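Biologist: Please take a close look at one part of this model, with the aromatic rings in mind. Give the cut-offs along the way.

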Amino acid sequence: MAEPTDIQGKSALEKYPSLKPEDAQDGVTPEAPLSTTETDAAWEEIAQQIPSIDDPFLQRYLAGRESLIANEKTQRADVAFRKSLSPIAKRACRIVERIRAEEQRTIWTSDVEERMASESPHVTVFPGMMFSMCRERMESTTLWRIVRRMPKGSLLHAHLEAMVDFDYLIRELLALPNVHIASDRPLASHDALVAGQVTFRYRAKERVKGTAVWSADYKPGKFLLLTKMADEFPGGGRDGFVEWLVGRCTLHPQNAHHQHHGIDAIWDKFQDCFIASATIMTYEPMVRAYLRALMRQLLADGVRWAELRFAWPLNYCRDRHEQPEPDYWHLFTVIREEVARFRASDEGRDFWGLGIIWTSLRSLPTRPIVEDMDHCITTKMEFPELVVGYDVVGYENRGRTLRDLLPELFWFRQQCAQEGVSVPFFFHAGETLGDGDGPDANLFDAVLLGTRRIGHGYSLYKHPVLVDMVRERRVLVEACPISNEVLRLCGSVAAHPLPALLARGVPCCLCNDDPAMMGHGSAGMSHDFWQALQGWHNLGLAGLASLAENSVRWSAFEDEDNDKWMAGVKAASLGDGVKARRLQEWQVEWERFCLWVVDEYGEQYDDTPEPEESVAAGKQPVVAVPEADKA
């Protein structure tokens, strides 16, 4: 083995002759048996050879380094938005950056790590850590207060039945008269309480006689008065019943923590949540209460528009009716009425509305999917402003792929053309860890089938050609980082691939997917926004705002053919339709928000001189349209 040498070319044995050859191994110089004076003298000799950071050649290196980083950032999806920032918005972004840095130093500290580690072994605390473990601490930060206040535009990926807190919903259900409960088995054991399927239905005549559903002698399928059964719940009466049913409808923190159980296991629990909650909201009074709470919570969180995936079977009942409706006409009438009522109120006058993306379950065979598609077309003809698109949903790893569904999808497209309706595709795709398998290949079919947006797109970053196609075709990725974390695609938001897509220029937005089932405590998007802002250093407030603006830019506010849709996306706020007007409204709201940040935190976190007058003071925003969009 060659002797290790120092920067002057002398070997360690030459410099320190008292060492034995075996003391110098693998290029590492052992401690030399020299006096402090001798060691200092040797160090002085070496130190003189180390260049200063101010030396011209290192400055040239650093200049080249900065140029390389800056050049890469010109490829980002949010580069045009950053260039268009007003002076006051730039100042707000600087303030938020300093707050973020301060909280990284003071809130996500080793003391917090030690405390949480003692409570939960093997826990490491860091900004953007696992959502279920940091939510309480997140909501105590200044950054949370800022994010809550931020205008978020549109929520483009969420499931209608998984939005509003289940504790609230179950107590609302208990307050309704003559609601009854039935189960497919006696709920008399731990296993039955975990797996039993319960159904809630209105019955005109109260049924209080009979063996309780909690008894081993209960006859499966027999309806009994809900309030009586809740009061008799063996695990604590009515409050215990609510706690039990909420637990059946939500994912617990430990479900997300136990990553070693894999994706199939968490999806089994996740699908059980949908089964457990399936009939809580299929009764007219519950639908109305649900929609009112949903719209209030969205608007309070800065969300002005939402497009909700809808996958309900025909089990909806009118108020005080025992039999389900034969079609979706009455349910959509209720949705139309509640949206109109909220928008006409003082509280909801700034709310733009709701759209429904009709969804079929990818696990179903051909006939029920085609029947569901037919319902979609019929409902679209009767409620053209509500039905805004079509999707297939469910666990991609086990469900039918888009390739397998091609015959049904082309039949659907043909029927839409014959009926003269436009129901564009907004496909879930790439919500998987696969690489080249069937579920991963859903991304190829989604793009080829002309999807206007991609739900999740988690595995898209693995496909460079598809990334280029998505960018060039202006297909938006509806990213749901907390959902992907909870469902075990990644360990935390810091490991999420969305930053890679943004760096490649892919248009994206943030969404919350299933907040009620995933422990958000609210239907809003602030948790996902906070995680992205604190977890991804390159994003910053400007990048976060760009994602919010994208959500408005890619919203399906009105029926549009492909050419008109693309023209609206390209024109952005410079267009002449509903989308352009709402983008302009969002931009004004953004400037007001930035002014609030400066007023609230500028004195403490920024000493920059006051910027020139901006849109918040009455001027119209300067709108920068990306070069690629000017054609």
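Modeller: Tryptophan 214 and phenylalanine 233 are both buried, where buried means under 20% relative accessible area, exposed over 50% and partly exposed in between, with a 1.4 Å probe and protein chains only. This is a predicted model, in which local features need pLDDT of at least 70 and side-chain atom pairs count only at pLDDT 80 or more, while totals for chains, interfaces and linings use all residues. Residues are numbered from 1 along each chain as its sequence is written, and side-chain values use heavy atoms, without hydrogens and water.

Rings of Phe, Tyr and Trp (its six-membered ring) pair if their centres lie within 6.5 Å; planes under 30 degrees apart count as stacked, over 60 as edge-to-face and the rest as tilted. That rule gives 31 aromatic pairs. For tryptophan 214 and phenylalanine 233, the ring centres are 4.9 Å apart and the planes stand at 80°, so this pair is edge-to-face. The two residues lie 19 residues apart: tryptophan 214 is in the loop between strand S3 (198-202) and strand S4 (224-225), and phenylalanine 233 is in the loop between helix H11 (226-231) and helix H12 (237-249). Helices (H or I, at least four residues) and strands (E, at least two) are DSSP runs, numbered from the N terminus.

Phenylalanine 233 also forms an edge-to-face pair with phenylalanine 241, at 6.3 Å centre to centre and 75° between the planes. Phenylalanine 233 has a relative accessible area of 8%, so it is buried; phenylalanine 241, at 0%, is buried too.
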